[in-house]
Each structure stands twice: as structure tokens, then as C-alpha cells.
Amino acid sequence: DITLYEEYPSRYLVYARRLRRWIRGDWQLLPWLFPVVHTQSGTALNRLSTINLWKIFDNLRRSLMPPTLLMLLAAGWLFLPGLPWVWTVLVFLPSVLPIFVQTFQHGKHNIGRLSLKQILKTSQLPLTRWALAVLFLPYEALLMLGAISTTLIRLLIEHKNLLQWTTAANTARSFRSKAQYEILGEMSASLVFAILLGAAVVIFNPTALWVALPFLAAWLVAPQVAYVISQPVTHVTAPLTETQRRQVRRLARRTWAFFEQFAGPDDHWLPPDHYQESPRGNVAHYTTPTNIGLFLVSTLSAYDFGYMGLAELSVRLRSTFENMDKLEHYRGHLLNWYDSQTMTALPPRYISTVDSGNLAVCLITLRQGCLALKDAPLLGQNRWQGLLVIIDILAETLQALEKNNPHASLESFEIELASIYERVSATRNQPSAWTETLVWLSGEGWERVSRRLIELLKSHPNLKSESLTELQLYLDLLHHSLQDMQRSLDLFAPWLGRDMPPALRDSLPVEMPTLGQAGAVYENIQAALSNLKLQD
């Protein structure tokens, strides 16, 4: 039940050797085109179907195409009646014509929507492949003739060495260190052919030289081209700009908001399959193992992005796992569909190996992520980054609201959010100021935002309710995040921002401890508190 795939060739000569190996395999099936075939016990009637016979024949036909085209091209330049350029067009036009037809159809269907450059871009890759096929035509034609002749000799005359192969891995290793001159040696036969063909054209039909010369020149530089395209490609990824980073963060936060809204207690902390926004807001209250697995990984990702604290992460994961245990299983596997509200399996009841595999991979990922938490701070800057993203979304929502309602003045609201954004940005790298900033955000800062919202609703009572839905949603999420951050501070670092006796201050960590260090740190703090009580 394991499928092994051969690695895609990394160099042109590796690709050429693989092509030669495939052609040898195709031509070894030649006897199976006949009514009677040889078997281990003698001879027998060929029981292959017509379609299978056609597949064998078509493979042989395709392997003969490059040699045939090259012979036709040489004959057209040397002695066939008619103009040499006509024979050249007849050789190459059938393979390039479909590319132009496809480009024309693509342009016809997208006229007015795409620029000419965008339309032509679709044909760039096929034309490049076609040009390389023309460039390597002599080399591949001779390669195929060599593979065919080797197979026929071993098949019809020698009757041995039919299974003598050079594996793909060995071929790749043999060409790993090939220098340019070695590639030249591998393709020397095609160079000799091009030179001899050019000499023959000059001697026997010099009027065809002007047609043949561009192709002959291209074939002479083919080894250099093969060397160039065989070089490893280095992809330089441009870093995201700050604007792009903020856009990606907003997208990630909006994605997690889906799970916050719909994967809650009403659905037993299991994610619904999807939510239909229009024409009516309908939640699909059914789920699959794949949905559950991706939800678990998304929950851990939401923690990494600062959308929740350790306590909420623990509650969410535990709630989902407890309800997963209640679902119907078969030999340890979850079934493919469940009603997320009643937790019953939906018909037809079956197991999907794809979904079971997806869930297993997600659980492995979740486990590794949870193991890595012990080396992460109990409270980090990511929580403040999570706050900044929500404020950024609120600012974007206000801009959209102002755009859709030109008469609504939202400047005061935007100024208030900008002030909060600046204060949070300045605080996230200063743990000593976290408590003070949270108190201000939860108190005065929140009151200011709420006051601006009330003023907005009073001054513009005709705003559409759907225009305010997202604004209200992320204001609620902002308030929830502030409360959760305050709970996390009180639970994990209650000493931050508070005056402590000197004897106790020395036992407090200078930096935020990691989850793995927390036990020892809290024991030291407990011992210091006990000593302080004895002194009192």
C-alpha cells in the first residue's frame, strides 16, 4: 500500500537518460502487439484488450516522432521538391499551432478583463517548452534511435540484458558534478550531426542554407543551453512590507473569528463545516475529522498569534477532546460525518482514510506545538500584537463604513483608535508597564471607545445594521481580549507593575519565565513569601 515516486529530474541530461530508459521499456513490449506472445510455459494467445494494444502502439509511435521529424527536416532542406521553408513550417507548425489556438481562445474569453501582456503570459511556458524541444531535437532523436536499436538487438538477437537498467538515483548522482565540457561530450553526437547536415546543405542545396542556418546554429549551442537550464534555481523571496504584514495579520484574525463565533458550546466545541453568508446566514452544523483536526491546529496557531492566553487555549483544547471522545468511533477511527449539535453520526456511516489521515497529521502537529510551549514565555509580546491586529481591523472597518456612508463623520472614532494603537505599540516591549496599560485600556480607554460608538449611533441613526455588525463584533473581541489578558497577568505574573517589599522583589524573575521554568520560579516566590511572613 506504499507508492514510491521517482524524483523529478533536476538536470536536462538526467531527464534525457530517464527518457531513454522509458523508451527502452516501451519497445520491450513490442511482442505484445502480435496475436501470439511468448510466456514462461511456451506461447499463448494475446489477451490484451484493444485499448491496451493501442496504448502500447501509441507509446512506440511517440518515440519515433523526433527521429521522423528530424529526417523530414533534413530531407526538405536537401532534396525534397518544393521550397525548404515550406517543409520547415510543416515540421514545426503542428506542434506549435495548439499553443496559438489556446492563447487565442483564452484572449477571446478574457478580452476587456485582462491586458494583452496577461493574455500572452499564459502561452509563455508552453512556448518555452516548444522552443527547447526544437533546440534539443537532434540530440533527443539520436537518443531515441539509440534506445530503440539497443532494445531491438537485445530483444530479437541477443535475448539477454533486457533488465539491465541504470536507476534514476544513480543517473542523478553520475551527473551531479558534470561540468560544461562533460555535457558537451554527452551531446557530441548531435553536434556532429548538425555540422554534417550543414555541410550537406552547402554542397547539395545551398539555396536552403538561409532557412537551415538558424536551426543549425541553435543546435550547435544546445549543450550550452542544457548547461544553463540545469543550474539550480535560487528563489529570492522579497520580504513583506509593513502594509502587507498588517494585511496578512488582519486576514488571519478574521479567519480565527470564524471559529470563535461558531465552534463554541452550542456545537460542543466542534467546528461546523461552513457558514453560508447569503442569502441567509446559515451555519452548517455538521463536521468531519478533517475539520476537527484543522480546528485544533488553528487553536494552537491562534495562541501563537496572541489571540488567546494559555488558560483559554487549555480550556478550548480540553473541551474539544472531551467531546471527541463522546463521538461514535470504529476501531479507534472517527466516522466521516457528525451532527455537531447532537453529536450523532450522519448517514451513510463510514470511515474515510483521507479524513483519518488528516486528523492524525493535525494531532501530530498539535502535539509538537504543545511540547514547544514549555520553552515559550508564559506571557509574551504576541498578546499585545493580537490586540494591535484587532485595533487595525476596527480602523479598517471604520474606513469601509465611512466609504459606504459619505455623510457619516468618523474622524473622532479613528483618532481614538489611533491613540490606543500607539500606546499599545509602545507598551508591548515593556513588561513593567503591562499592568498599567491594561488597567487604562479596560477602564478609561474602553470608556472612550464606547462613548464614540454611542455618539456615532446617535448622530447617524440611519446607518444600516449590517454596516455596524463587524464593528460591534471586533469591539466585543477587543473587550474579551483585554479581560483575558488581565486574567493571565493576575494568574501568571501578579507582581508586574506592583510595589513589592525588597526581600520579595529579589526573588521575583527579571524576565517572564517560560512554562517549563514556572514551577521552580513559583516555588522560589512561595518560599520568599513564607520567609517574609515569619519575619513579620
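Predicted model: local features only at pLDDT ≥ 70, side-chain atom pairs only at ≥ 80, totals over all residues.
Within helix 10, the buried residues are Val211, Ala212, Leu216 and Trp219. When the helix is viewed down its axis, these buried residues fall within an arc of 110 degrees, so they line one face of helix 10. The buried residues of helix 10 pack against a set of other helices, namely helix 2 (50-78), helix 3 (84-109), helix 5 (124-135), helix 6 (137-158), helix 9 (188-204) and helix 11 (222-229). On the face of helix 10 that is turned away from this buried side, the exposed residues Trp210 and Pro214 are found.

**A nonpolar patch on the surface**

Trp210 also belongs to a nonpolar surface patch, together with Leu83, Trp85, Val86, Val89, Leu90, Leu93, Leu97 and Val101, and the accessible area of these residues together is about 830 Å². Helix 3 gives the most to this patch, contributing seven residues. Leucine 93, one of the patch residues, lies in helix 3 and is partly exposed, with a relative accessible area of 38%.

**Salt bridges**

Side chains of opposite charge can pair when their charged atoms come close. The structure holds 16 salt bridges, and three of them are set out below with the distance between nitrogen and oxygen.

| Salt bridge | N to O distance |
|---|---|
| Glutamate 396 and arginine 250 | 3.2 Å |
| Arginine 253 and glutamate 260 | 2.9 Å |
| Aspartate 484 and arginine 487 | 3.6 Å |

The side chains of glutamate 396 and arginine 250 meet in a salt bridge. Glutamate 396 is partly exposed, at a relative accessible area of 29%, whereas arginine 250 is buried, at 15%.

In the pair formed by arginine 253 and glutamate 260, arginine 253 counts as buried at 1% relative accessibility, and glutamate 260 likewise counts as buried at 17%.

Aspartate 484 and arginine 487 lie three residues apart in helix 19 (residues 465-492), which means that about one helical turn separates them. Aspartate 484 is buried, with a relative accessible area of 4%, while arginine 487 is partly exposed, with a value of 47%. Elsewhere, salt bridges that share partners join Arg246, Arg250, Arg254, Asp392 and Glu396 into one network.

**Leucine 373 in a loop**

Leucine 373 is located in the loop between helix 15 (353-372) and helix 16. Its relative accessible area is 11%, so leucine 373 counts as buried. Apart from neighbours within four places in sequence, leucine 373 is in contact with Leu300, Tyr303, Leu310, Leu313 and Leu515. The C-alpha atom of leucine 373 is separated by 55 Å from that of phenylalanine 136, a residue 237 residues away along the chain.

How values were computed: Residues numbered from 1 in each chain as written. Heavy atoms only, no water. Buried < 20%, exposed > 50% of the residue type's maximum accessible area, 1.4 Å probe, protein only. Helix = DSSP H or I, 4+ residues; strand = E, 2+ residues; numbered from the N terminus. Arc of directions from axis to C-beta. Contact = heavy atoms within 4.5 Å. Patch = residues over 30% accessible without salt bridge, like charges linked within 9 Å, V, L, I, M, F, W, Y side chains within 5 Å. Areas by Shrake-Rupley, 256 points an atom, 1.4 Å probe, with all protein chains shown as cover. Salt bridge = Lys/Arg side-chain N within 4 Å of Asp/Glu carboxyl O.
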